[in-house]
Amino acid sequence: MELAEVVARLSERLREMEDREAIRNLVAGYGPSVDAGDSARAAAIWAQDGAYDVGGFGASHGMEAIAALFDGPTHQGLIAQGAAHLLSPLHIDLDGDVATAVGYSCVFVRDGDGWRAHRVAANRWTFHRTTGGWKAAERVNRLLDGGEEARALLAPPAKT
Amino acid sequence: MELAEVVARLSERLREMEDREAIRNLVAGYGPSVDAGDSARAAAIWAQDGAYDVGGFGASHGMEAIAALFDGPTHQGLIAQGAAHLLSPLHIDLDGDVATAVGYSCVFVRDGDGWRAHRVAANRWTFHRTTGGWKAAERVNRLLDGGEEARALLAPPAKT
Amino acid sequence: MELAEVVARLSERLREMEDREAIRNLVAGYGPSVDAGDSARAAAIWAQDGAYDVGGFGASHGMEAIAALFDGPTHQGLIAQGAAHLLSPLHIDLDGDVATAVGYSCVFVRDGDGWRAHRVAANRWTFHRTTGGWKAAERVNRLLDGGEEARALLAPPAKT
């Protein structure tokens with residue numbers, strides 16, 4: 001193989017690492033943004049027309065609706081009480097300009113002199129590469145309450 | 001240094017990043033697989049002759065025995081109740097075709113209108129590079145109950 | 001562009017990935033080191049003159065003071081009881097030889113036949129590249145108890 005080809009292949013491999021890192025870092029900013037009360041920054045994890053479907057609350061479509069969800073009384077009540085939206089490491093499937101990922105979210109809420117696990121949920125994310133970097137197209141969240149829906153969300157996506 | 005040598009060195013550095021990413025992604029699939037009830041997929045994180053030694057339950061040797069553990073009444077009871085096997089980020093020591101890693105596991109189980117931390121454990125993993133990618137050769141899990149065993153598991157591995 | 005330039009740019013991009021990985025791995029060693037009772041190893045995550053400011057306890061300046069904090073009665077009491085210092089994935093901002101990162105810490109402590117979330121906190125880290133690799137210059141930790149201080153810590157750092 002010509003050296004130029006070797007270098008081109010290296011660049012492709014590196015881009016895959018960068019893509020995975022970008023997605024990981026994007027999602028790692030979710031908790032800090034919502035718990036700091038910076039709803040606009042949290043909503044900017046999604047694309048303009050992205051969707052966030054929260055178990056027990058229904059789906060919000062578009063960045064503005066997602067920011068409004070974070071500005072709403074339920075979320076604001078949690079952070080006033082003391083809350084941590086801790087997200088687990090993601091299992092990421094990257095396929096060119098699209099990626100899916102699954103992971104857990106655990107919302108800890110201040111309770112007495114400790115914290116309780118208020119919501120523990122399965123999450124499936126879809127990401128798209130955009131001109132502004134990787135953005136979430138969809139996040140589906142379902143409480144792990146023993147029901148089938150959350151378990152199905154954690155199962156591997158069908159490969160297309 | 002010749003450019004070809006520079007490129008060869010870059011490729012080695014990149015492979016180390018890819019190896020770390022592969023191990024991280026492998027382990028990030030553990031919780032989703034066991035909580036979805038996909039025991040075969042969870043067991044395939046291990047090599048065919050891999051071992052999983054679970055604090056309080058003893059060791060399972062081989063992929064079939066590991067899958068049987070996940071199909072058993074204890075695990076199935078947890079996921080029917082609502083469970084999340086959340087694993088922390090790993091501290092990875094990579095050494096060519098072998099890697100060791102330490103991290104935490106926390107099993108949340110549905111309890112009333114919240115979740116409780118049912119098991120919190122130390123985990124030490126050993127991984128091998130195989131023709132089918134990185135696989136776990138061994139996972140040792142010990143409850144963090146104040147005993148010496150779990151604490152020893154978290155201590156740095158002796159370098160050979 | 002000349003091939004040598006392409007290769008030089010690749011090397012820079014790769015170093016950024018390596019830096020992020022090094023920071024992630026450094027922090028992933030924190031919990032295992034403190035919970036194993038290896039205070040010197042835990043303190044070596046910081047630079048010699050690094051600082052650790054713990055919500056409710058005040059700031060320790062320098063590696064020796066930080067190790068002494070881990071050797072003190074509060075921390076030793078927790079690990080004797082059974083403790084896990086689980087740290088979430090970090091949101092990392094890398095800028096050459098300096099990086100900042102935010103994330104959560106959750107200290108689980110053995111309680112009856114389960115574990116309770118004893119401390120749930122926001123953490124902001126500053127890292128510097130040193131001749132001995134990436135080291136923490138500062139870690140500020142604040143309990144997520146509904147107060148402004150922890151929430152401010154999670155907000156994005158002002159870009160300089």
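**Figure 1. Largest nonpolar core of the predicted model.** In this predicted model, the largest nonpolar core holds 45 residues. The residues with the most contacts inside this core are A:Phe108, B:Phe108 and C:Phe108, together with A:Leu144, B:Leu144 and C:Leu144.

**Figure 2. Surroundings of B:Leu144.** Leaving aside residues up to four places away in sequence, B:Leu144 touches residues of chain B and of chain C. Within chain B these are B:Tyr104, B:Val120, B:Ala121, B:Ala122, B:Ala150 and B:Leu154. From chain C, the contacts of B:Leu144 are C:Gly82, C:Ala83, C:Ala84, C:Arg110 and C:Trp115. B:Leu144 is also one of the residues with the most contacts inside the largest nonpolar core.

**Figure 3. Fold of chain A.** Chain A contains six helices and seven strands. Read from the N terminus, the order of its elements is α-α-α-β-β-α-α-β-β-β-β-β-α. The C-alpha trace of chain A spans about 65 × 35 × 30 Å along its principal axes. Chain A has 160 residues, of which 56% count as buried. When contacts in chain A are taken between residues at least 6 apart in sequence, 51% of them join residues at least 24 apart.

**Figure 4. Interface of chain C and chain A.** In this view 30 residues of chain C contact 36 residues of chain A. The two chains bury about 2,700 Å² between them, with carbon and sulfur atoms giving 65% of that area. Nine residue pairs are in polar contact between chain C and chain A, both residues of each pair being at pLDDT 80 or more. On the chain C side, two or more residues come from each of α1 (3–28), β4 (91–95), β5 (98–111), β6 (114–130) and α6 (148–154). The largest share of this side, nine residues, belongs to α1(C). By residue class, the side of chain C that touches chain A has 20 nonpolar, four polar and six charged residues. Three salt bridges cross the interface of chain C and chain A.

**Figure 5. Interface of chain B and chain A.** Here 36 residues of chain B are in contact with 30 residues of chain A. The area buried between chain B and chain A is about 2,700 Å², 65% of it on carbon and sulfur atoms. Three salt bridges are found across this interface. In one salt bridge, the side chains of A:Arg20 and B:Glu21 meet at 3.5 Å, N to O. Chain B and chain A also have nine residue pairs in polar contact, both residues at pLDDT 80 or more. The chain B side takes at least two residues from each of α1 (3–28), α2 (30–36), α5 (73–81), β3 (83–87), β5 (98–111) and β6 (114–130). With 13 residues, α1(B) gives the most to this side. The side of chain B that touches chain A divides into 18 nonpolar, nine polar and nine charged residues.

Figure 6. C:Arg24 lies in helix α1 of chain C. Its relative accessibility is 15%, under the 20% limit, so C:Arg24 counts as buried. Apart from residues up to four places away in sequence, C:Arg24 touches A:Glu21, A:Arg24 and B:Arg24. The side chain of C:Arg24 meets that of A:Glu21 in a salt bridge of 2.8 Å, N to O. Another salt bridge, at 3.0 Å, joins C:Arg24 to C:Glu21. C:Glu21 and C:Arg24 stand three residues apart in helix α1 of chain C, about one turn of the helix, and both are buried. A network of salt bridges links Glu16, Arg20, Glu21 and Arg24 of chains A, B and C. Over all chains, the whole structure has 34 salt bridges.

**Figure 7. Two further salt bridges in chain C.** C:Arg9 forms a salt bridge with C:Glu12, with 3.5 Å between the closest N and O atoms. Both residues lie in helix α1 of chain C, three residues apart. C:Arg9 is partly exposed at 43% relative accessibility, whereas C:Glu12 is exposed at 52%. In the second salt bridge, the side chains of C:Arg142 and C:Glu149 meet at 2.9 Å, N to O. C:Arg142 counts as buried at 15% relative accessibility, and C:Glu149 counts as exposed at 52%.

**Figure 8. B:Gly133 in strand β7.** B:Gly133 belongs to strand β7 of chain B, residues 133–143. With a relative accessible area of 29%, B:Gly133 is partly exposed. B:Gly133 and B:Trp46 are 87 residues apart in sequence, and their C-alpha atoms are 11 Å apart in space.

Note on methods:
Residues numbered from 1 in each chain as written. Chains lettered and ligands numbered in written order. Predicted model: local features only at pLDDT ≥ 70, side-chain atom pairs only at ≥ 80, totals over all residues. Heavy atoms only, no water. Contact = heavy atoms within 4.5 Å. Buried area = accessible area lost by both parts, 1.4 Å probe. Salt bridge = Lys/Arg side-chain N within 4 Å of Asp/Glu carboxyl O. Polar contact = N/O pair within 3.5 Å; in protein donor to acceptor, adjacent residues only side chain to side chain. Helix = DSSP H or I, 4+ residues; strand = E, 2+ residues; numbered from the N terminus. Nonpolar A, V, L, I, M, F, W, Y, C, P; charged D, E, K, R; others polar. Core = buried A, V, L, I, M, F, W, Y, C linked by side-chain atoms within 4.5 Å. Buried < 20%, exposed > 50% of the residue type's maximum accessible area, 1.4 Å probe, protein only.
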